[in-house]
Amino acid sequence: ALNDKKERDRVIAELDFVVNKLQGKSGYFYGGITADGEIIPEKMSPDFKSIQAMVRKNADALFWLIKHLQLLKAQGYGKSVKPEWENAAKKLAAVFAKAWNKHVEFGQYIVPETAEIAVYNSTAGAIVPAGLAMASEYFQNKEWMKVAQDAARFYYKRDVEKQGLTGGHCGDISQDADSESAFGFLESLMALYYYTGEKEWLNRAEVQAALGATWT
C-alpha cells in the first residue's frame with residue numbers, strides 16, 4: 001500500500017508462491033507447507049484421511065487476494081495482476097458459494113482436495129461474506145453477493161442475536177468465543193454495507209462493533 005517497488009515485488013513473489021503451492025483441487029487452500037514442500041495438516045480425524053484446513057484461513061485468503069488485486073489496479077499496476085491469481089481467487093469464491101448452496105454452512109475445517117466439510121458449525125466463516133461481496137463486484141457475479149448476504153444474515157441471527165458470541169477462528173480454542181471472529185464478522189457487515197448501501201448492514205455492524213468492544 002506504500003507503493004514501494006521492493007515491497008510490491010515481494011508481494012508478487014508471495015502471491016505466486018501461495019497460488020502455485022497451496023491451492024487444492026477443490027479451490028480451497030491448505031493451511032501451511034514445509035520448506036521441503038510437504039503440506040502441513042491443520043487437523044486430522046479418523047473419519048477424514050485427507051489433510052484438513054481451516055475455513056478461517058481460507059476466508060482470509062479470499063478477502064486478501066481480492067484486496068491485493070484491487071489495490072494493484074487502483075495504483076496503476078493492473079498489468080502486474082496475473083491471470084493465475086484471478087483464477088485462484090475465482091475458484092476459492094466459487095467453492096465457498098457451492099458449499100453454502102449445498103450445506104447452508106461453510107464449516108470450520110474443510111478438505112482442500114475434495115471440498116468436503118470435515119467439521120461443521122461455529123462462526124469460522126465470519127469473513128467469507130466480505131470476501132464474496134468483494135469477489136462478486138470484482139468478477140461481476142451476482143450469485144456470490146446473494147450468498148454473502150444470506151450467510152451474513154444466518155451468522156447474525158444464530159450467533160450474534162441468539163448466542164451473543166462468535167467463535168471458530170482460533171485453532172487452539174476452536175470451541176470457544178474469540179475476538180477474531182467478532183472482528184472478522186464486523187468486516188463482513190461493513191463490506192456488505194459498502195457494496196449494497198443497504199442500512200440493515202450498517203445497523204448490524206453497529207451491534208457487532210459493540211460486541212467487538214467487549215474484547216479488551
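**Pocket lining and helix packing in the predicted model**

Helix α2 supplies the largest share of the lining of the largest pocket, 6 residues. The structure is a predicted model, in which local features require pLDDT of at least 70 and side-chain atom pairs pLDDT 80 or more, whereas totals for chains, interfaces and linings use all residues. Residues are numbered from 1 along each chain as its sequence is written, and side-chain values use heavy atoms, without hydrogens and water.

Two or more lining residues come from each of α1 (5-22), β2 (48-54) and α2 (55-74). By class, the lining holds 10 nonpolar, 4 polar and 3 charged residues.

Helix α2 also packs against α4 (residues 128-139), the axes coming within 8 Å and crossing at roughly 35 degrees; axes are lines fitted to C-alpha atoms over the stretch in contact, with angles from 0 to 180 degrees between N-to-C directions. Contact (heavy atoms within 4.5 Å) involves residues including Leu 62, Phe 63 and Ile 66 of α2 and Leu 132, Met 134 and Tyr 138 of α4. The contact residues divide into 12 nonpolar, 2 polar and 3 charged.

Overall, the protein contains 7 helices and 4 strands, defined as DSSP runs (H or I, at least four residues; E, at least two). The C-alpha trace spans about 45 × 45 × 35 Å along its principal axes.

Conventions: Ala, Val, Leu, Ile, Met, Phe, Trp, Tyr, Cys and Pro count as nonpolar, Asp, Glu, Lys and Arg as charged, and the others, Gly among them, as polar.
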